[in-house]
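Student: I would like to learn how to read a protein model. Please take me through some features one by one.

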Amino acid sequence: LTRMIIDCDPGLDDALALLLAHADPSVVIEAVTTVGGNVALADTTRNALELREYLGFTDVPVAAGAAGPLEGEVRNAAEVHGSGGLGSVVLPAAALPLDERDAVTLIIDLLRSNPGEIDLVAIGPLTNIALALRAEPRVAQWAKSFVIMGGSYTRGNTTPAAEFNIYADPAAAAEVFAADWQVVMVGLDLTLQARVTGAIKDRMLELGTLGSELVVPLSTFWADPLDPDWGGQAVHDVCAIAYVTHPELFRSTPARVDVETQGVFTAGMTVTNFRSPNPNAIVPTELDVDGFWDMVLAHYSAAAQA
Ligand code: BDR
Ligand code: CA
């Protein structure tokens with residue numbers, strides 16, 4: 001079994017990532033922790049609570065973390081994810097409460113009591129992870145692995161240089177990449193291979209109510225108005241979960257990644273050196289796209305029938 005903590009900012013693709021983790025019977029979600037990102041912390045946390053009940057992982061604690069970055073102004077991506085964060089999806093209000101612990105405490109406590117056992121997956125800005133490392137640097141040794149969706153080794157999406165999760169808190173990302181662990185950077189270059197094409201949407205439409213209420217609207221809410229060759233939304237965060245459970249679907253290369261925190265034009269850039277003698281990261285570069293969708297849709301389909 002794969003035990004996971006998922007730190008997230010739901011978010012269209014975060015919701016699809018939570019669905020994959022929940023639907024995969026080999027995954028035990030140990031905790032869902034939230035951070036301000038795509039939308040404000042109150043919204044990402046409400047979405048996590050509502051998704052927990054809608055999907056049915058009601059025994060998993062949900063804990064709220066940082067509302068904004070270590071330094072600088074709060075940024076969001078509401079123009080992509082909608083003002084509430086889940087696009088056009090409106091879920092029933094959650095009845096079950098938030099965990100009393102804050103996200104950072106919960107992450108530290110779970111990793112401390114299960115050293116080497118739990119994969120930490122971060123699919124939002126890295127503020128909670130940086131705060132956890134500041135409070136307890138041994139988090140870096142206790143995590144079985146650390147996988148993020150964030151960054152890129154070519155270009156950004158929020159700015160020409162920076163991907164959103166890194167741009168939203170470059171200082172946190174810099175601390176996280178500098179910590180004493182190996183970061184798996186599932187960046188844009190990889191995740192843009194995982195697009196919801198028309199053919200994938202057709203397969204999602206076969207998921208019945210789960211498809212029509214949740215998976216299809218989350219996967220098709222946004223289209224880039226500036227891209228004349230739009231190939232469908234990319235399910236960025238789903239790729240980070242898939243990396244943990246199915247690394248064989250990815251071709252990866254070690255690299256040195258340093259985060260630009262100062263640049264006038266490049267703040268939040270993940271400067272990636274594939275020729276460094278001191279790699280601190282593993283960077284997936286190629287996805288087995290057919291294998292990925294077969295795996296994801298098989299799990300979604302099982303959840304749809306449950
Ligand atoms: C990342 O930013 C967010 O908008 C998505 O949820 C994903 O984590 C993609 O750049
Ligand atoms: Ca996200």
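Student: Does tryptophan 222 count as buried, exposed or partly exposed, and why?

Tutor: This is a predicted model, in which local features need pLDDT of at least 70, side-chain atom pairs count only at pLDDT 80 or more, and totals for chains, interfaces and linings use all residues. Residues are numbered from 1 along each chain as its sequence is written, while chains are lettered from A and ligands numbered from 1 in the order in which they are written. A residue is buried if 20 or more other C-beta atoms, placed from the backbone, lie within 10 Å of its own, exposed if 12 or fewer, and partly exposed in between. Tryptophan 222 is partly exposed because it has 19 C-beta neighbours inside 10 Å.

Student: Where is tryptophan 222 placed, and which residues does it touch?

Tutor: Helices (H or I, at least four residues) and strands (E, at least two) are DSSP runs, numbered from the N terminus. Tryptophan 222 is in the loop between helix H11 (208-220) and helix H12. Two residues are in contact if their C-beta atoms, placed from the backbone, lie within 7 Å. Not counting residues up to four places away in sequence, tryptophan 222 touches Val80 and Gln233.

Student: Is glutamine 262 buried or exposed?

Tutor: Glutamine 262 is exposed, because 8 other C-beta atoms lie within 10 Å. Its place is the loop between strand E7 (250-259) and strand E8 (270-273).

Student: Which residues of helix H4 are buried?

Tutor: In H4, residues 103-113, the buried ones are Ala103, Val104, Leu106, Ile107, Leu110 and Leu111. They lie on the same side of H4 because they cover an arc of only 165° around the axis; the arc is that of the directions from the helix axis to the C-beta atoms. Arg112 and Ser113, on the other side of H4, are exposed. Among the elements that cover the buried residues of H4 are strand E1 (2-8), strand E4 (118-122) and helix H5 (127-135).

Student: Which way do the residues of E4 point?

Tutor: In a regular strand the side chains alternate between the two faces of the sheet. Here Ile118, Leu120 and Ala122 point one way from E4, Asp119 and Val121 point the other way, and all are buried.

Student: Which strand pairs with E4 over five bridges, and which over four?

Tutor: Two strands pair if DSSP finds at least two bridges between them. E1 and E4 pair in the parallel sense over five bridges, with methionine 4 opposite aspartate 119. Strand E5 (residues 145-149) and E4 also pair in the parallel sense, over four bridges, and phenylalanine 146 in E5 is the bridge partner of leucine 120.

Student: How many residues does the largest nonpolar core have?

Tutor: A nonpolar core is a set of buried Ala, Val, Leu, Ile, Met, Phe, Trp, Tyr and Cys residues joined through C-beta atoms within 7 Å. The largest one has 104 residues, and those with the most contacts inside it are Val121, Cys239 and Ala240. H1 gives the most to this core, with nine residues. Beyond its neighbours within four places in sequence, alanine 240 is in contact with residues including Ala17, Val121 and Val186.

Student: What joins proline 10 and glycine 11?

Tutor: Most peptide bonds are trans. Proline 10 and glycine 11 are joined by a cis peptide bond, with omega about -15°. Glycine 11 is in the loop between E1 and H1.
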